[in-house]
Amino acid sequence: MVGGYRRLGEELLDQLPGPPPISAFCSYVGTAGCFLGVSRALAGALPALHRAVVEPGESAVLSGGPPGIHHIEGGGIGHRPPQLDPADYDEALAVPEARAFETARQPRVPRAYFPGPQPAPTSQPPIDIARRLGPGHRVVTIQVDSGLKYLTSQLYP
């Protein structure tokens, strides 16, 4: 799985050549396969890459919090994914479920962006990282799911 996602990181390098180079990669973590594959490919070419994982605030284990119950599918499994070592990322960001769902519900017509609950937590953290890094930096994230299959779920009452 990690090897398969490595190609996605290589595509990002091909499609987003510098300047500026990619300064940071931020992704929601489930099994960590996508995060590890992409971040390893990027870090191989960009040693100064900042790597940030995103998880539900209600089960912020990677951020040092306790496991808990949440409704964001695909991540926040209550323990560190077996293949994800703390050395694999530089920062863990916890996003509360309410904020993720609110982000997913916001209209995104100008950008044709319609996230499900899983990618919604990664909508704001890359912007926060970019503000921290300042002008001249590029932050990349991946939105791995759309909102289509959630139209009849609790996400859209």
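Alanine 32 counts as buried at 3% relative accessibility (buried means under 20% relative accessible area, exposed over 50%, partly exposed in between, with a 1.4 Å probe and protein chains only). Its phi is positive, about 80°, although alanine 32 is not a glycine. The residue sits in the loop between E1 and helix H2 (33-45). Helices (H or I, at least four residues) and strands (E, at least two) are DSSP runs, numbered from the N terminus.

## Basis of the values

This is a predicted model: local features need pLDDT of at least 70, side-chain atom pairs count only at pLDDT 80 or more, and totals for chains, interfaces and linings use all residues. Residues are numbered from 1 along each chain as its sequence is written, and side-chain values use heavy atoms, with hydrogens and water left out.

Which peptide bonds at proline 19 are cis? The bond from glycine 18 to proline 19 is cis, with omega near 0°. A cis bond also joins proline 19 and proline 20, with omega about -10°.

Look for proline 19 in the loop between helix H1 (2-15) and strand E1 (22-28). Proline 20 is found in the loop between H1 and E1.

## Two buried serines

Serine 39 belongs to helix H2. Is serine 39 buried or exposed? At 2% relative accessibility, serine 39 counts as buried. Leaving out residues up to four places away in sequence, serine 39 touches Phe25, Leu49 and Arg51. Contact means heavy atoms within 4.5 Å.

Serine 59 lies in a loop, between strand E2 (50-56) and strand E3 (91-95). Serine 59 is buried, with a relative accessible area of 1%. What does serine 59 touch, not counting residues up to four places away in sequence? The list is Pro66, Pro67, Gly68, His70, Gly76 and Gly78.

## Strand E3 and its partner

E2 and E3 pair in the parallel sense, over 5 bridges. Two strands pair if DSSP finds at least two bridges between them. Valine 53 stands opposite alanine 92 in E3.

Which side chains of E3 are buried? Glu91, Leu93 and Val95 are buried and point to one face.
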